[in-house]
Amino acid sequence: MRKFILLVTIVATTLSCNNNGKKENIKILPDSAGPVNKIAIVINNELWENSVGDTVRSIMAQSIDGLPQPEPMFSLNQIPTQVFTGFAKQNRSILKIEQGKADFKIERDVHARPQKIVTISGKDIAEIKEQIINKADNIVEALKEEEIRYKQSQMSKSLSNTTDVQESLGIKVKFPSYYRVAKTTATPEDKFNWIKRDLPTGYTNVLFYELPLSAIKKNDSLVSEIIKTRDSIGKKYIAGPVDGSYMATEMAYAPHVYETIIDNKPTIEVKGLWDVKKQFMSGPFLMYLIEDKVNNRYLVAEGFVYAPSVSKRNYVFELESIIRSIKIN
């Protein structure tokens, strides 16, 4: 027993000292908590119930582009400032709204780990609202980044064996073990991979293939070029349930196109709706064209969901989290 106590003392002393032998305070944090895409909004009731709350809701609960029905970007849980204590501080993603000197800050792992806390403050209602509006993109980006990081860490606990898929395209990507390979071709001329997850009400999917950089030109016809490309892929590989049917872009809704970064590379992001020709089947898709100049190609990763009559936000979010884990060898 004496030896055990002595060992614990030595370890504790070692961990509490830096390289110079000086003692440092080591903060042991509890695990954070909360469902994916649920944000704790720490704000007093008066501000939450007036135009400040309206401003927060208009930004944090805005509808997501590319879904067939309106769904909020985040689910919000208001916590009055005076009760933000104890377990409430262990929320993973937190937006704090305070009255005081105008300020904006982002902190990590303050009360729990992993955790992201974004704090906005202003001297009065008008200044708080101005701060929220001016920093809207930063707020959303910081909290979404935290949610993606958390989702990826959860998926990494049990990964699917997709070695052949990854080697065929020279990439690394993290799939949860509940995904399976639905189709793959790996010839020098034809590298197409389809990964699938079965759901109680449908399925989610990720496609991987490559295009020469010359196939997509960033000009006024960018959207039409992307649609033409993905429809040709759908016609070739994603057959529908009857002869002559295949997955294509739903033309009644123009896809949303953005610029983003994946694996430190310029990437075209596309969100829209797909349907199956000659069939009543449809759903949301998100597509990423990663500019891989070293290999003179676009690495294309596309996720799409078929899940009638249920919320699709978190399914699409999972697909985005998978795709954003891509690393090109």
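## Starting with the second pocket

β12 (265–276) and β13 (282–292) each supply at least two residues of the lining of the second largest pocket. Strands like these are DSSP runs (E, at least two residues), and helices are too (H or I, at least four), numbered from the N terminus. A pocket is an open set of points on a 1 Å grid over the protein atoms alone, with protein on both sides within 12 Å along at least five of seven lines, and lining residues have an atom within 4 Å of a point.

This pocket holds about 220 Å³ of space, where volume is the space filled by probe spheres set on points joined across faces, edges and corners. Among its 14 lining residues, Pro 68, Gln 69, Leu 273, Ser 282 and Gly 283 are the closest to its centre.

## About the model

The model is predicted: local features need pLDDT of at least 70, side-chain atom pairs count only at pLDDT 80 or more, and totals for chains, interfaces and linings use all residues. Residues are numbered from 1 along each chain as its sequence is written, and side-chain values use heavy atoms, leaving out hydrogens and water.

## The largest pocket

About 1100 Å³ of space lies in the largest pocket. Its lining has 33 residues, and Lys 144, Ile 148, Thr 260, Glu 320 and Arg 324 are the closest to the centre. Helix α5 gives the most to this lining, nine residues.

One cavity of 30 Å³ or more is present; in a cavity, a 1.4 Å probe fits but cannot get out. The largest cavity has a volume of about 40 Å³, and β13 gives the largest share of its lining, three residues.
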